[in-house]
Amino acid sequence: MTGPERVGAVEGQEPLPFPDSPGGLPPVPGAPVLELRGVTVRYGSVPALDRVSLRMHPGTVTCLLGENGAGKSTVVQVVSGVRRHDEGELLVDGRPVRFRRPRQARSRGIATIWQDLAVIPLMTVWRNFWLGDEPTRGIWPFRRIDVDVARDGAARALARVGLPGLNVNQPAASLAPGQRHSLAVARALHFGAKVLVVDEPAAPLTVAQHALVLRTVVGARDAGLAVLFVTSTPAYAHLVGDRFVLLAGGRVAADLTREDVDVDGLTRLVSGGEALATLTAELRRRPDPLVT
Ligand SMILES: Nc1ncnc2c1ncn2[C@@H]1O[C@H](COP(=O)(O)OP(=O)(O)OP(=O)(O)O)[C@@H](O)[C@H]1O
């Protein structure tokens, strides 16, 4: 991966504009690039997320940890525009947003690598790269995809994320998982993402597969993106994370920096997360015994 440069321009084409800030307003100086403030999501009367807050800054990795059912996927769905939150605020560059569909999240610079690394299998790699945003030539009604420019642009974007010489005319189904990861990162960078959400597969991964996910996380961080790394494996989170947000029962049970916790401590916290969340909730309810 190269530096913070955006892989935006394709020769012969106007570079795509970077996503505007919400409402066309400039970012609030010093504000997190993405923030959840007291976000609650309910399925029926049961909260999947209960007043969850987290803040993410460029060039940092925030790890979202927790056991099954803790609420990690629901956070991913909210920030990716797949699910709307019921209460609280979601802010991009310090400005409140309310996504109604995934496209809106993407246009605000939030790219998500889903657990299943979804591609359209029978489409070529270059078509999967552009997915509806292909460079075109000619004017309406004769406007059509500029295939050479599109192929070349995809190949160059992929080369910059470590896949030089990849045959972009092959069907995406033939890509190895690592190459699919790189395709997702190349798209995210090309389309001006500021935030990359990496949702680690729930199924057990081999060490090589973990290494691939970690490389994606570190590569995106080094390119200046804020990364939300969703994982249930504290040991891997600790390798790359700057901040560790532990969810349990839909609540933030702990929010720690690398200075606060070593890998053993983090492992203990994740496995005891549910008990910690119950204790936190109890303490919230009780009046402070030291205050008379
Ligand atoms: N569509 C749904 N309908 C009802 N309840 C749901 C739905 N999706 C999730 N939930 C509930 O919301 C809570 C949080 O689920 P979520 O999938 O976000 O957790 P998770 O931490 O991502 O778990 P996993 O690691 O198993 O994916 C769980 O109690 C879950 O049962």
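**View 1. Strand E3 meets strand E11 in this predicted model.** Strand E3 (residues 61-65) and E11 run parallel, joined by 4 bridges. Within this pairing, Leu64 has Val245 of E11 as its bridge partner. The model shown here and in the views below is predicted.

**View 2. E11 also pairs with strand E12.** Strand E12 (residues 251-257) lies antiparallel to E11, with 6 bridges between them.

View 3. Is E11 mostly covered or mostly open? Strand E11 (residues 243-248) is mostly covered, with 6 of its 6 residues buried. In a regular strand, side chains alternate between the two faces of the sheet. Arg243, Val245 and Leu247 point one way from E11. Phe244, Leu246 and Ala248 point the other way. Both sets are buried.

**View 4. Helix H5 and what covers it.** Helix H5 (residues 177-190) has 14 residues. From its first C-alpha to its last it reaches 20 Å, close to the 20 Å expected at 1.5 Å a residue. H5 is largely enclosed by the rest of the structure, because 12 of its 14 residues are buried. The buried residues include Arg180, His181, Leu183, Val185, Arg187 and Leu189. Which elements cover them? Among them are strand E6 (110-113) and strand E9 (195-199). Helix H3 (125-130), helix H4 (147-160) and helix H6 (207-222) also contribute to the cover. Just after H5, Gly192 takes a positive phi of about 80°.

**View 5. The largest nonpolar core.** This core has 75 residues. The residues with the most contacts inside it are Val79, Ala154, Val195, Leu196, Val227, Phe229 and Leu246. H5 supplies the largest share of this core, 6 residues.

**View 6. The surroundings of Phe229.** Which residues does Phe229 touch, leaving aside its neighbours within four places in sequence? Phe229 is in contact with Val61, Cys63, Val198, Val217, Ala237, Val240 and Gly241.

**View 7. The whole chain.** The chain holds 9 helices and 12 strands. Of its 292 residues, 41% count as buried. Among contacts between residues at least 6 apart in sequence, 72% join residues at least 24 apart.

Notes: Residues are numbered from 1 along each chain as its sequence is written. This is a predicted model: local features need pLDDT of at least 70, side-chain atom pairs count only at pLDDT 80 or more; totals for chains, interfaces and linings use all residues. Helices (H or I, at least four residues) and strands (E, at least two) are DSSP runs, numbered from the N terminus. A residue is buried if 20 or more other C-beta atoms lie within 10 Å of its own, exposed if 12 or fewer, and partly exposed in between; C-beta atoms are placed from the backbone. Two residues are in contact if their C-beta atoms, placed from the backbone, lie within 7 Å. Two strands pair if DSSP finds at least two bridges between them. The expected span of a helix is 1.5 Å times one less than its number of residues. A nonpolar core is a set of buried Ala, Val, Leu, Ile, Met, Phe, Trp, Tyr and Cys residues joined through C-beta atoms within 7 Å.
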